[in-house]
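Visitor: Please take a close look at one part of this model, the contacts between its chains, and give the cut-off behind each term. A connected account would be welcome.

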Amino acid sequence: MLLSITSLSKSFVGAKALQGVDFELAAGEVHALLGENGAGKSTLIKCLTGAYKRDAGEIRLDGVSIDPSSTAEAQALGIGTVYQEVNLLPNLTVAQNLTFGREPRRFGLVDARAQRAQARAMLEPYGLDIDVDRDLGAYSVAIRQIIAIARAVALSGKVLILDEPTASLDAAEVRMLFTIVRKLRAEGLGIIFVSHFLDQVFAICDRVTVLRNGRKIVTERTADLDRVRLISHMLGRDLEEAAHEHRKHADTDHAQRGPLLTFKAVGRAGMIEPFDLAVGEGEVIGLAGLLGSGRTESAELLFGVRTSDSGSASDQHGRVAHGSPREAIAAGFGFAPEDRKVDGIIAELSVRENIVLALQAKRGWMSKISRQEQDALAERYIGRLDIRTSSADKPIGELSGGNQQKVVLARWLAMNPRFLILDEPTRGIDVGAHAEIVRLIQEITKTGMAVLVISSELEELVAVCDRVIVVRDRRHVTELAGADISTDAIVRAIAKPEAA
Amino acid sequence: MIRSLQRITPQLLTLAALVALVTLFFPNFISISYDGARFVGPIVDVLKRSAPVALLAVGMTLVIATRGIDLSVGTVMAIAGAVAAYAITSGFGLPATLALALLAGLAAGLWNGCLVALIGIQPIVATLILMTAGRGIAQLITEGRILTFSNNDFAFIGSGTVYGMPFPTILWLATAILVAALMRRTALGLLIEATGINRAASALAGVNATVILIAVYMASGFCAALAGIVATADIRGADANNAGLWLELDAILAVVIGGNSLLGGRFSIAGAMIGALIIQTINTGIVLAGFPSEYNLVIKAGLVLVILVMQSPNLSADWFYLKTLISERRTARAERKEAS
Amino acid sequence: MTINPRLYPLLTTIGIFIVGYFLCYLQFPNILSTRVVGNLLTDNAYLGIVAVGMTIVILSGGIDLSVGSVIAFSGVFIAVMLRDTDLPAPLVIVMLLVITSAFGAAMGWLIHALAMPAFIVTLAGMFLARGAAYMLTIDSIAITDPFFAAIQNAYWLMPGRGRLTLIGVLMVVVVLAGALLAHRTRFGASVFALGGGEQTARLMGVNVGRTTVLIYAFSGLMAGLSGVVFSVYTGSGYPLATVGTELTAIAAVVIGGTILTGGAGYVIGTLFGVLTMGLIQTYLVFDGSLSSWWTKIVIGMLLLLFILLQKGLLRLTAFGAARA
Amino acid sequence: QTVGFSQIGSESGWRAAETTLTRQQAEERGYTLQFSDAQQRQENQIAALRSFIAQGVDAILIAPVVATGWDSVLQEAQEAEIPVVLLDRQVDSSDDLYLTAVGSDLVHEGEVAGEWLLGEVGEEECRVVELQGTTGSSPAIDRAQGFRNAIEGHANVEIVRSQTGDFTRAGGKSVMESFLQAEGGGENICALYAHNDDMAIGAIQAIKEAGLAPGEDIKIVSIDAVPDIFQAMAAGEANATVELTPNMAGPAFDALEAYWADGTEPEKFIQTESRLYTQADDPAAEYEARKDLGY
Ligand SMILES: Nc1ncnc2c1ncn2[C@@H]1O[C@H](COP(=O)(O)OP(=O)(O)OP(=O)(O)O)[C@@H](O)[C@H]1O
Ligand SMILES: Nc1ncnc2c1ncn2[C@@H]1O[C@H](COP(=O)(O)OP(=O)(O)OP(=O)(O)O)[C@@H](O)[C@H]1O
Ligand SMILES: [Mg+2]
Ligand SMILES: [Mg+2]
């Protein structure tokens with residue numbers, strides 16, 4: 001075995017993240033590490049690379065017991081890692097990020113020219129031809145993700161660890177990544193792959209290990225598994241697959257319900273061309289497009305995060321002001337942003353406080369939401385969204401990524417908005433929660449709430465949307481509705497220059 | 001109540017240890033007597049002398065909770081004091097005088113708040129500007145001299161007593177309690193913490209982060225003005241050159257010793273108040289113990305370092321680890337006993 | 001030609017300094033004489049050196065409030081050692097630099113090991129260093145050592161009777177060395193990485209503890225060196241010297257375009273920040289009509305003006321870049 | 001004529017008065033005064049002197065913040081043939097580097113205060129508490145020294161407590177409070193020696209608030225002779241003060257005028273009088289005379 005972990009344990013204050021986990025990785029194998037949000041996948045990886053100090057257990061690399069006390073040591077041992085949601089350092093240039101810690105030097109000083117050349121060479125296999133002298137922060141999440149992968153690959157002499165590397169990549173980029181992974185596998189590397197996209201797991205992984213509540217449940221060859229069994233391993237129960245059925249467009253009576261909001265010529269120079277949007281009661285609208293096409297910007301204009309150059313919004317009572325988030329909230333909008341770590345969670349506040357925050361801000365500082373009401377709200381949404389936390393008073397920053405996302409959703413559901421904008425609501429969320437959120441979207445629309453969903457997962461859009469608007473090059477180009485919505489149709493609309 | 005007491009236990013313990021230490025050097029430290037009109041004793045002095053730093057620390061706690069810092073409070077003390085002395089000597093009544101001084105503090109806070117929240121200048125630099133320029137403004141008012149006054153009502157704020165307790169003590173206690181209650185009875189505390197931890201996310205959740213930021217700097221200015229009034233009333237004169245000089249550092253120290261993080265977020269005003277008492281105990285203790293002045297700073301630095309080390313989050317994590325380890329061992333032993 | 005947007009803050013700083021200098025020149029033509037230019041370097045030599053250390057600290061997301069006191073301590077230490085012992089001056093200087101570096105390293109270690117904010121640890125360090133200076137002596141002590149006298153009188157007389165002093169040149173050299181350290185070494189990359197985010201830096205393989213200790217040790221070293229320069233400059237050691245210099249240094253670093261939260265900035269920018277502060281001082285002396293209080297107000301306002309200009313220009317260029 | 005004046009700062013009323021008087025004197029004689037406030041920093045003063053030299057002023061006045069460290073900049077001034085006059089504080093550079101120094105002898109001031117106290121208490125036991133100036137500043141060091149010189153050999157007078165009050169009223173008051181606590185509520189204190197009047201005024205308030213009578217229960221002697229101390233003396237709350245005149249510029253300009261006229265070298269030290277004022281010297285009138293001098 002290339003890498004073997006035996007009875008690894010790790011606990012945090014108030015949570016046992018890993019309890020006696022065994023894990024093995026062979027050379028020339030892609031091994032998936034799966035589990036629900038908070039199962040302990042990232043913790044296992046961080047213990048392995050020395051980012052966390054493990055409480056107990058042994059790690060052997062090539063049969064030699066290792067105990068990296070820092071990630072630098074792990075890197076030196078030939079373990080390259082892409083950590084979940086850590087997309088390198090935005091304040092360094094792309095080249096600096098790529099060569100960090102191994103900068104080419106001349107006379108003891110970093111040789112900037114060689115550094116640039118090296119960086120370009122590292123990005124070449126990914127077909128990324130960008131200015132490596134710009135700050136990393138100037139590039140989109142997807143590009144940063146690819147850069148992080150390139151860096152980890154270059155560092156991995158023996159083991160490559162990818163913790164949800166595909167969360168913000170689109171299909172073409174995922175395909176490219178897999179080509180590279182296969183090549184590395186052929187070269188004899190061991191690769192650990194964490195993902196919530198089961199299709200990807202089946203596409204590339206040789207074996208699967210499932211964690212649940214910090215314990216190892218099973219390790220099996222992918223070929224011997226089917227989707228349903230895998231999911232029940234992960235959840236500890238069967239998932240009602242109903243969630244992924246097509247939405248019964250015909251059944252619903254949206255058409256009869258009245259229009260809710262009408263946006264006219266909302267846009268901003270240099271960001272997105274003015275567009276119109278009519279939102280009906282209880283309607284689910286999807287925004288589809290490539291990365292960087294301007295979906296997030298559209299949402300931000302609607303919610304007043306950025307101000308629109310022109311345009312107006314109105315409902316049946318007249319004009320609606322949405323020039324700032326506060327105005328938008330007052331008008332009954334809600335917005336769960338894409339980057340939950342930066343724009344979503346308040347890390348050191350408790351789950352309860354994170355849930356009530358928006359409601360409290362809306363009510364004003366004078367009328368504090370009583371403790372009972374807070375507790376009731378927290379309890380309701382922790383139950384309803386199945387948020388895994390040891391208590392409502394746990395700081396949200398200590399929750400796993402997917403659970404944090406659910407808390408942010410809960411914050412907006414607690415507001416009971418009439419128009420909810422969800423930017424990538426299921427990014428990094430496990431299958432169970434994914435199904436839960438999809439069901440939730442369908443459920444809340446029954447009360448008349450309208451939802452705008454931005455998602456890179458076309459299946460998800462197909463599953464929940466009444467209408468899908470396709471965004472390309474900062475323009476809203478096409479609209480698909482009702483029975484026309486299908487993965488193929490969306491892909492075609494995204495790819496094709498304006499035809500129909 | 002009990003929970004918040006629990007949170008400041010380390011601070012209370014530190015204070016107790018410090019009092020014990022000072023008593024070791026100066027045995028009369030804890031003696032208090034009543035001379036017919038007022039309580040007398042070193043402890044009473046500490047309670048009174050901590051007024052400026054404690055008042056500053058109340059505002060500073062809020063500013064620090066928003067991940068800011070206010071270096072200008074010492075200067076604002078001087079401005080408010082100068083305004084008050086100027087007003088009272090030009091014949092304004094006491095209420096008008098106090099109102100003017102507090103207004104000056106609020107205006108200073110508004111200025112800081114706008115620089116930080118609207119223009120986006122880093123708090124250290126933004127308040128450094130007022131720290132430098134403000135003393136000039138205060139001196140402009142007093143023309144560089146000490147503006148003395150003889151109004152006894154005003155002087156009462158600095159040296160009067162109520163039921164034998166010095167008025168400054170009552171003032172800072174009342175201010176601390178009022179502000180703490182305001183923070184916890186309303187949602188202000190939560191909103192301030194949220195803004196401090198993640199301004200962008202709070203703004204997206206509808207928190208009016210800009211207004212909150214401006215408000216905390218104004219609160220800090222207000223508290224600084226109160227401190228300035230106390231200091232001015234205490235010496236019956238406005239000393240624009242020296243009032244509050246370097247006191248901002250003591251106030252920041254008090255807030256941090258009180259267990260508040262400079263990175264913003266969770267805050268405890270009670271902790272900061274104990275921090276202020278700790279600092280004043282050190283200051284008074286040094287004088288009472290009779291060391292030569294040139295040792296003052298080294299002693300203070302040494303004590304502060306020891307306190308910081310004892311309260312360090314890493315050490316407390318170790319403490320926690322040790323405690324859980326011991327209790328786990330104990331339960332394991334108990335289980336074994338039961339089994340056998 | 002396209003300019004990398006990373007360079008905008010630096011270019012703005014330099015631009016503002018040049019324009020400011022030109023405006024002063026219009027009012028007082030004398031200000032362009034070699035005398036004034038030489039003075040600008042000499043008078044700000046100690047500040048420039050300590051600001052290099054401060055830049056590194058701030059780039060890493062920290063702050064060092066102890067430097068002003070350390071400079072005072074250095075002067076006193078040198079003066080006392082030269083007066084009371086027979087040790088040769090160079091040895092005393094080396095001893096001092098070792099002490100201040102160790103002092104910085106100790107603070108860095110506390111910051112890392114105790115997870116305490118740098119602000120507070122270095123605040124205690126500030127008290128401690130000044131207290132230590134007091135304990136050595138409360139008097140000001142003249143330095144009569146011939147070695148110091150030699151450095152003091154080492155200058156090149158520029159045309160126009162301006163003096164380019166050794167300490168002025170030393171400052172420029174230190175700035176250049178600091179720039180290389182920050183922008184061209186692995187240590188520098190780690191400093192920037194820490195400023196970008198400690199957690200991320202750790203995951204990318206930065207040895208956070210070692211880097212933190214080194215950063216503050218470097219700042220201590222610079223403060224010590226600055227203390228040496230200051231004692232050359234004033235020919236004495238005085239425990240009350242350079243009170244508040246840490247704040248001046250921080251202001252210079254910020255005017256120089258370094259972001260206080262860390263992770264972005266240029267050491268060369270700091271040089272111009274220091275020169276800008278010096279220019280403000282020089283302008284005030286040339287003007288010579290301000291009262292003590294107006295001096296303070298005007299310094300504050302000019303500081304604000306520079307920062308606002310910088311912010312405004314940056315916003316404009318950022319906007320322009322977005323447009324382009 | 002253009003005269004550059006490098007002032008230490010504006011840390012006290014006394015210094016503000018010195019600045020005012022210097023301006024007044026310059027105006028009366030028709031000089032242009034280039035004023036520079038160094039904000040308590042020697043480095044700023046050195047820089048200011050260099051700028052004055054670069055500007056080519058006709059003379060430089062400087063109130064040096066500290067005694068040491070002026071050699072090289074004074075040398076530069078000499079090379080540029082600009083006469084330098086030191087105000088109110090001395091430097092320990094060679095005296096050919098400056099034209100003259102105007103000031104009082106700080107040690108002597110302390111001695112005058114000490115001698116007054118000796119005369120006052122005679123052979124009685126007297127426990128003295130001392131409020132020192134800012135630690136490390138030359139007035140604090142010299143005034144402490146002078147007082148000790150005076151009481152040396154008089155075993156009945158003893159300094160029992162000594163602590164810095166930073167030359168401020170607030171410092172004087174709070175330190176005095178602690179002194180009172182430490183010395184049996186003030187019973188054991190016979191006299192207070194304060195390094196400046198401001199600290200004495202603060203201490204007087206502390207003594208009053210402790211229920212004692214300043215000036216009687218505790219004798220008070222201090223230095224500077226600022227207006228407010230005369231008020232206290234008039235009220236019987238302070239006993240004596242030693243004058244340090246803020247008019248240093250007058251004699252300085254006299255010397256400069258003579259020098260400009262025919263190169264007359266003045267004496268190297270023009271000492272101002274350190275006059276002792278007591279309650280017998282009509283303090284009320286002294287107050288009236290001084291109150292508008294910009295203290
Ligand atoms: N720094 C921390 N402090 C306290 N608890 C933590 C910390 N990091 C993780 N946990 C807890 O450990 C458990 C495992 O978290 P981990 O991040 O490993 O989950 P995960 O499997 O990666 O989930 P996801 O799919 O959402 O990324 C969770 O219950 C989480 O709350
Ligand atoms: N290839 C690129 N090069 C430079 N900047 C890019 C690139 N792609 C995106 N950006 C910028 O990054 C920012 C965020 O883009 P982002 O990818 O979030 O847009 P989006 O349409 O919302 O897509 P998604 O929601 O899928 O991320 C945009 O301002 C965009 O200008
Ligand atoms: Mg994870
Ligand atoms: Mg987006």
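Contacts between the chains

Guide: Chain A and chain D do not touch, their nearest C-alpha atoms being 36 Å apart; contact here means heavy atoms within 4.5 Å. The model is predicted, so local features need pLDDT of at least 70 and side-chain atom pairs count only at pLDDT 80 or more, while totals for chains, interfaces and linings use all residues. Residues are numbered from 1 along each chain as its sequence is written, chains are lettered from A and ligands numbered from 1 in the order in which they are written, and side-chain values use heavy atoms, with hydrogens and water left out.

Of the 5 pairs of chains in contact, chains B and C share the most contacts. In that pair, 43 residues of chain B are in contact with 42 residues of chain C. About 3,700 Å² is buried between chain B and chain C, and carbon and sulfur atoms give 86% of this area; buried area is the accessible area (1.4 Å probe) that two parts lose on being put together, summed over both.

On the side of chain B that touches chain C, α6 (94-118), α7 (123-142), α13 (247-257), α15 (296-311) and α16 (313-339) of chain B each supply at least two residues. Helices (H or I, at least four residues) and strands (E, at least two) are DSSP runs, numbered from the N terminus. The most comes from α7(B), with 12 residues. By class, this side of chain B has 30 nonpolar, 8 polar and 5 charged residues; Ala, Val, Leu, Ile, Met, Phe, Trp, Tyr, Cys and Pro count as nonpolar, Asp, Glu, Lys and Arg as charged, and the others, Gly among them, as polar.

Turning to chain C and chain D, 42 residues of chain C are in contact with 37 residues of chain D. The area buried between them is about 3,100 Å², with carbon and sulfur atoms giving 49%. Chain C and chain D are linked by 3 salt bridges. The side chains of D:Glu76 and C:Arg163 meet in a salt bridge, at 3.6 Å from N to O. Two or more residues of the side of chain C that touches chain D come from each of α2 (34-43), β1 (141-142), α11 (208-234), α12 (245-255), α13 (267-287) and α14 (292-323) of chain C. That side of chain C has 17 nonpolar, 19 polar and 6 charged residues.

A further salt bridge joins B:Lys48 to D:Glu177, with the closest N and O atoms 3.2 Å apart. This pair crosses between chains, from helix α3 (residues 42-49) of chain B, which holds B:Lys48, to helix α6 (residues 169-182) of chain D, which holds D:Glu177. Side chains of opposite charge can pair when their charged atoms come close. Over all chains, a search of the whole structure finds 61 salt bridges.

Methods
A salt bridge is a side-chain nitrogen of Lys or Arg within 4 Å of a carboxyl oxygen of Asp or Glu.
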